[in-house]
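Subject: Structure for you to look at

Hello,

I am passing on a structure that you have not worked with before. Please open it first and then read the notes below it.

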Amino acid sequence: MAAGYTPDLVERWFAVARTEEVVPRHVVQAQLLDQEIALWRDDAGAVNAWENRCPHRGVRLSIGLNTGTELRCQYHGWRYATGSGQCTYIPAHPTQKPAATMRVARFGITEAHGFVWVSLGTPAGPPQGPATGCEHATTLRSIYTEASAATIAACLLRGYRFALDPLGADESSPDAVVVAEDAYTLRAKSSHAGEREAAVTFFLQPMGASQTVIHGLLTTHGVAADRLAVLRHHHRQMTALRDAAESR
Amino acid sequence: MDGGGRCVRDDACPAGRRVLRPPQVESLLWDDWHVVAEFEQLRRSGRFATALLDVPLTLELDPDSGTVLARAGDEPLASVRIKYGFVWVCLGEPSRDIVEFPECGDADRLLGTAGSVRVAVSGLRAVENFLDLSHLSFVHAGFLGEEPLTEVKPYSVESSPQGGVIATGCRVYQPKASPIAREGFDVDYTYAVLRPYIVVLYKANPVEQHRRDMIALFVQPVSAESCVAHLLTCYLEHGVEPAAVRRFQQFIFGQDRPILENQLPKRLPLTPAREIPVRADMASAAYRRWLTDAGIRYGAIPAAADPAA
């Protein structure tokens with residue numbers, strides 16, 4: 001649970017998954033500040049972020065079944081309604097109305113910039129965005145690391161580079177200018193040949209004290225010719241960042 | 001393993017045949033018998049390493065005498081026995097004998113071990129799962145239950161004079177109640193928790209429905225958050241193949257294992273505030289109450305230590 005974390009961490013948003021990963025009729029397991037979370041999208045498109053345990057006998061809800069309107073626990077088939085988390089049906093007692101206390105603990109949830117954001121508290125504003133003038137945004141493949149968010153941030157601030165046109169084998173691409181918006185949001189901005197500009201905004205998800213997921217959002221002017229090559233290039237760069245952080 | 005669980009020589013016992021009880025283990029568990037291996041497995045390998053109550057154990061079979069030498073760390077244990085096809089040890093001074101099952105002496109019964117399965121959860125969770133009626137239609141769908149016949153009808157729970165919990169009058173519809181069942185029928189169940197880590201169930205035999213097959217679960221608490229589940233089956237013969245019984249029980253337990261390993265927390269919370277029970281959970285609720293009354297903390301989260309309580 002989030003015990004031992006400061007209120008500013010509890011009361012802020014963190015990206016915990018890419019929107020495209022939280023697909024209908026599935027349940028995604030995430031972890032934020034040592035709290036396990038079950039993420040699931042209902043058929044109307046709304047995403048739920050729930051404590052990852054059934055209030056009845058503690059089984060992870062991430063192994064449960066997303067029926068589109070309810071999440072069904074694998075152990076005893078108890079069903080919980082989207083939105084409220086209220087238990088709607090207890091198969092062992094089909095005629096009994098479940099008590100109001102039979103409810104899954106829920107967390108704050110919102111979707112923005114291609115990510116699902118969760119807060120263990122109740123933040124006032126929306127999540128931190130990319131804040132650039134670029135019109136095209138692409139979410140990069142998120143990377144799990146065995147390193148603290150502070151270590152990732154320190155590695156990024158020591159230097160990060162990426163090519164604007166990976167197909168051009170642009171090994172001479174200049175170092176990006178890395179700015180920390182806060183301890184969990186860092187932006188690497190790169191100007192190429194003085195005119196074209198691109199940025200990767202990194203959203204760090206602290207799973208716990210020494211495990212962090214790096215989420216990346218690429219913003220560019222214009223669409224790259226070979227999207228797959230661009231994604232692969234950024235994946236290589238982020239993997240190198242992970243390797244550097246894990247060897248520190 | 002932490003310092004509290006290390007085996008050290010008991011100074012009061014220069015023969016070195018006892019180990020000192022770690023502070024996290026209650027004497028009710030320490031001075032009791034626990035299964036630590038299936039005998040057949042030891043017979044085949046000759047030597048077997050395991051752990052009980054945070055204490056590392058090695059078992060060695062003397063091929064000439066057929067006796068088993070058990071060591072806790074380096075200390076030979078005085079209390080080692082073979083019974084029901086399993087190797088039992090007591091780390092302390094046995095305060096009572098190994099559980100007795102009179103049925104096991106019946107000439108027309110087939111006694112068998114159904115294997116030993118390591119489970120990454122408190123053994124108390126494994127015992128509770130064994131007692132649980134309402135999961136049968138879901139975890140064992142098509143065998144020990146099925147939708148929509150999910151209702152758990154009222155049953156009786158009482159505490160046993162010898163300690164423990166007995167649940168009687170449990171009736172559940174089972175599509176395939178045993179390896180020889182050809183059709184579904186309403187099965188009559190009785191459960192008895194005999195020791196904190198030992199539970200047995202009696203269920204109506206598909207051929208002689210007035211007599212009952214017996215399945216015992218001996219849970220070996222390896223640590224507070226991991227265990228080995230050992231199953232003993234005692235079926236009426238009626239054409240039962242030992243290999244089929246074993247296969248059936250391993251299949252059923254294979255369905256329980258992923259559920260058990262996905263329970264959070266791994267230790268069994270004893271306060272009802274942490275995990276909400278319903279009427280179908282009377283047996284599990286009584287088990288948790290009995291553990292509380294017996295002062296069992298090993299493998300549990302006692303109410304006093306639970307921030308959710």
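The domain bounds used here come from an automatic or database domain assignment. On that basis chain A, which is a predicted model, is split into domain 1 (7-119) and domain 2 (136-246). Taken over C-alpha atoms, the centres of domain 1 and domain 2 of chain A lie 30 Å apart.

The rest of this note is about where the two domains meet. On one side, 16 residues of domain 1 of chain A make contact, and on the other, 18 residues of domain 2 of chain A do. Interface size is often expressed as the accessible area lost when the parts come together. Between domain 1 and domain 2 of chain A about 1,300 Å² is buried, with 56% of it on carbon and sulfur atoms. In domain 1 of chain A, the residues that lose the most area to domain 2 are A:Arg18, A:Gln31 and A:Phe115, which together account for 37% of what that side buries.

On the side of domain 1 that touches domain 2, the elements giving two or more residues are β1 (14-18), β2 (27-32) and β10 (115-119) of chain A. β1(A) gives the most, with 5 residues. By type, the residues of that side of domain 1 of chain A are 9 nonpolar, 3 polar and 4 charged.

Regards

Notes
Residues numbered from 1 in each chain as written. Chains lettered and ligands numbered in written order. Predicted model: local features only at pLDDT ≥ 70, side-chain atom pairs only at ≥ 80, totals over all residues. Heavy atoms only, no water. Contact = heavy atoms within 4.5 Å. Buried area = accessible area lost by both parts, 1.4 Å probe. Helix = DSSP H or I, 4+ residues; strand = E, 2+ residues; numbered from the N terminus. Nonpolar A, V, L, I, M, F, W, Y, C, P; charged D, E, K, R; others polar.
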